[in-house]
Amino acid sequence: MGETRGLLGPADVRELAARLGIRPTKALGQNFVIDANTVRRIVRTAGTSADDVVIEVGPGLGSLTLALLPEVRRVVAVEIDPVLAAELPATVAAREPGLAGRLEVVRADAMKITHVPGPAPTALVANLPYNVAVPVVLHLLATLPALRTALVMVQAEVADRMTAAPGSRVYGVPSVKLAWYGDARRAGAVGRAVFWPAPNVDSGLVAFTRRDPPPTTASRGEVFAVVDAAFAQRRKTLRAALAGWAGSAAAAEDALRAAGVDPRARGEALDVAAFARIAEYGPSRRGDHSPNP
């Protein structure tokens, strides 16, 4: 792990922010990590190796970036803020000059990138704000097929939703769509005091390992359409919730029974494989009931 002198402490973060004219506010979700032990813990929990190419979304002032660089082959830092993107290479060059060549800064919206320069990223390690956490993770998994693992810090309730199992009160669209790509689990809690300014909520770590999607003849888009419909009216039975998707309640019931799913069940009871089976009997696939490969 890198020396303490290379990492940012509370005074360093505040000094950098002041020099750049950044005044973080809770309302805008601007919370910078100021605790060196926390970024060390994130890197340790991520389990990256010297061969990994890490994509970091929203590096901010560079607290996590500086902890990652000594441990991996390369860090691709995707930053939407032009001021922060411009400053990050200088921060790294000043604090870890021997590692500056491992950093690539991409000024872009992570939700819009389709590729990154250089070798394909193999791991995602990032501190993600609430409003983009799930969309960013799903977009990157869809866009970057070489991404095998992830360790993200998100608000605690988002971590719960991302890792919930069928039957859980918070199981829903994020849980199912993430499960399409692989296995997610809670990897620890993070308190409020490690941020500046301190947020009003606790945070949590989510670890992810990619695996193959469930065997199905349906496309990801077809499966996700069923998931969206099922949870748009989560209190309704699937027969009712999927009526619009299928064309009618009767057609929804036919698809559900064909997939081996009780029409009286609700979406929260189904795993991703069940949603994939239902998608095979959707309105665009009628007449094509070939078995799963």
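## Surface and burial

The protein exposes about 13,000 Å², and carbon and sulfur atoms supply 52% of that area. These values, like the others in this report, come from a predicted model. Of the 293 residues in the protein, 49% are buried.

## Overall fold

The secondary structure of the protein consists of 12 helices and nine strands. The radius of gyration is 21 Å, close to the 19 Å that the globule rule gives for 293 residues, so the protein is as compact as a globular protein of that length.

Along the principal axes of the protein, the C-alpha trace spans about 65 × 40 × 30 Å.

## Packing of helices α8 and α12

Two packed helices are described by the angle between their axes and by the distance between the axes. Helix α8 covers residues 220-232 and helix α12 covers residues 272-279. The two helices pack at an angle of about 110°, with their axes 8 Å apart. Because angles of 65 to 115 degrees count as roughly perpendicular, α8 is roughly perpendicular to α12.

On the α8 side, the contact is formed by E222, V223, V226, V227, A230 and F231. On the α12 side, F275, A276, I278 and A279 take part. The residues of this contact between α8 and α12 divide into nine nonpolar, no polar and one charged.

Terms used:
Residues are numbered from 1 along each chain as its sequence is written. This is a predicted model: local features need pLDDT of at least 70, side-chain atom pairs count only at pLDDT 80 or more; totals for chains, interfaces and linings use all residues. Side-chain values use heavy atoms; hydrogens and water are left out. Axes are lines fitted to C-alpha atoms, for helices over the stretch in contact, and angles run from 0 to 180 degrees between N-to-C directions. Helices (H or I, at least four residues) and strands (E, at least two) are DSSP runs, numbered from the N terminus. Angles under 35 degrees count as roughly parallel, over 145 as roughly antiparallel, 65 to 115 as roughly perpendicular and the rest as oblique. Contact means heavy atoms within 4.5 Å. Ala, Val, Leu, Ile, Met, Phe, Trp, Tyr, Cys and Pro count as nonpolar, Asp, Glu, Lys and Arg as charged, and the others, Gly among them, as polar. The radius of gyration is taken over C-alpha atoms; the globule rule is 2.2 Å times the number of residues to the power 0.38. Buried means under 20% relative accessible area, exposed over 50%, partly exposed in between (1.4 Å probe, protein chains only). Accessible areas come from the Shrake-Rupley method with a 1.4 Å probe; for residues, only the protein chains shown count as cover.
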